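I opened this notebook to keep a careful record of what I looked up, one topic at a time.

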Amino acid sequence: MPLLLLDLDNTLLDRAGSFRAWGERFLDGIGAPATDIDWLVSIDADGLTDRWDVADAIRDRYGLLISSLDLVEELHDGVVVNSRLDPLVACALRIADDAGWVPVVVSNGSVRQQDAKIRRTGLDRYVADWVISEEAGVSKPNPRIFALAARRVRMPLRGAWVVGDSPEADIGGAAAVGLPSVWLHRGRVWTDTRFAPTFTVDGLIAAVATVLAT
């Protein structure tokens, strides 16, 4: 029963789509041009920009009186509310489980938001457990977070695969711990020369099929 170590954002859940959906509603609510969504998405940088910096950028651009604290709360909650589990992703996880694999989520981020997304979408019914960096005290690509995920479900790391969309956090993490990996390219080209994914695919369903085929 090998482990399937899965990233959360833009791997199991469409975080980019959730943020865009929130952003479009938010901009409409403050009377901003709909075209500003491209600016907002670029500032967010796939969630890599600190939420306080995103909040400050929004406040400065539109001269909003809302506090940065309230806007950070809105940013956190907006993504959670708009998160959805693709039924095909759920089906792929069920197939992996039936084939003897043990899916475990390994995610960087805050416990409050990541845990809420996992539970609200029903993803918790399709994975054995999850590890979130804030709670773990260590983030991907540090190998320790993958070892912690294995201990959480009382299984060895040997034979595990890592699946994710981040070149550094997911594929770099897999390389650091000596595990094979599948990279979800999302329309990008691999450029890192330090390490490389074992396979490259366009989405989670293809990733699970690839792992099962090995």
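**Ground rules.** I am working on a predicted model, in which local features need pLDDT of at least 70 and side-chain atom pairs count only at pLDDT 80 or more, while totals for chains, interfaces and linings use all residues. Residues are numbered from 1 along each chain as its sequence is written, and side-chain values use heavy atoms, with hydrogens and water left out.

**The sheet.** I looked up the strand order and found an open sheet of six strands, β3-β2-β1-β4-β5-β6, with parallel pairing. Strands here are DSSP runs (E, at least two residues), as are helices (H or I, at least four residues), numbered from the N terminus; two strands pair if DSSP finds at least two bridges between them. Because β3 (129–132) and β6 (199–201) each have a single partner strand, they stand at the edges and one side of each is left without a neighbour in the sheet. From one strand to the next the twist averages 20°, where angles run from 0 to 180 degrees between N-to-C directions and axes are lines fitted to C-alpha atoms, for helices over the stretch in contact.

**Around β3.** I then followed β3 to its partner β2 (residues 102–107), with which β3 pairs in the parallel sense over four bridges; V104 stands opposite D129 in β3. Helix α8 (residues 143–152) packs on the sheet, where α8 touches β1 (3–6), β2, β3 and β4 (161–164), and its direction makes about 150° with that of β3; contact means heavy atoms within 4.5 Å. Both faces of β3 are covered, since D129 and V131 on one side and W130 and I132 on the other are all buried (buried is under 20% relative accessible area, exposed over 50%, partly exposed in between, with a 1.4 Å probe and protein chains only). Helix α9 (residues 167–177) lies across β4 and β5 (181–184), and α9 runs at about 165° to β5.

**Aromatic rings.** I counted rings of Phe, Tyr and Trp (its six-membered ring) as pairs if their centres lie within 6.5 Å, calling planes under 30 degrees apart stacked, over 60 edge-to-face and the rest tilted; the count comes to six aromatic pairs. The rings of W39 and Y62 are edge-to-face, because their centres are 6.0 Å apart and their planes stand at 85°. This pair links distant parts of the chain, with W39 in helix α2 (residues 37–44) and Y62 in helix α3 (residues 51–62), 23 residues apart. W183 and W190 are also edge-to-face, with ring centres 4.9 Å apart and planes at 80°; W183 is buried at 2% relative accessible area, while W190 is partly exposed at 21%. F19, W22 and F26 form one aromatic cluster.

**A loop residue.** Is P156 buried or exposed? P156, in the loop between α8 and β4, is exposed, with a relative accessible area of 51%. Leaving aside its neighbours within four places in sequence, P156 is in contact with L3 and A150.
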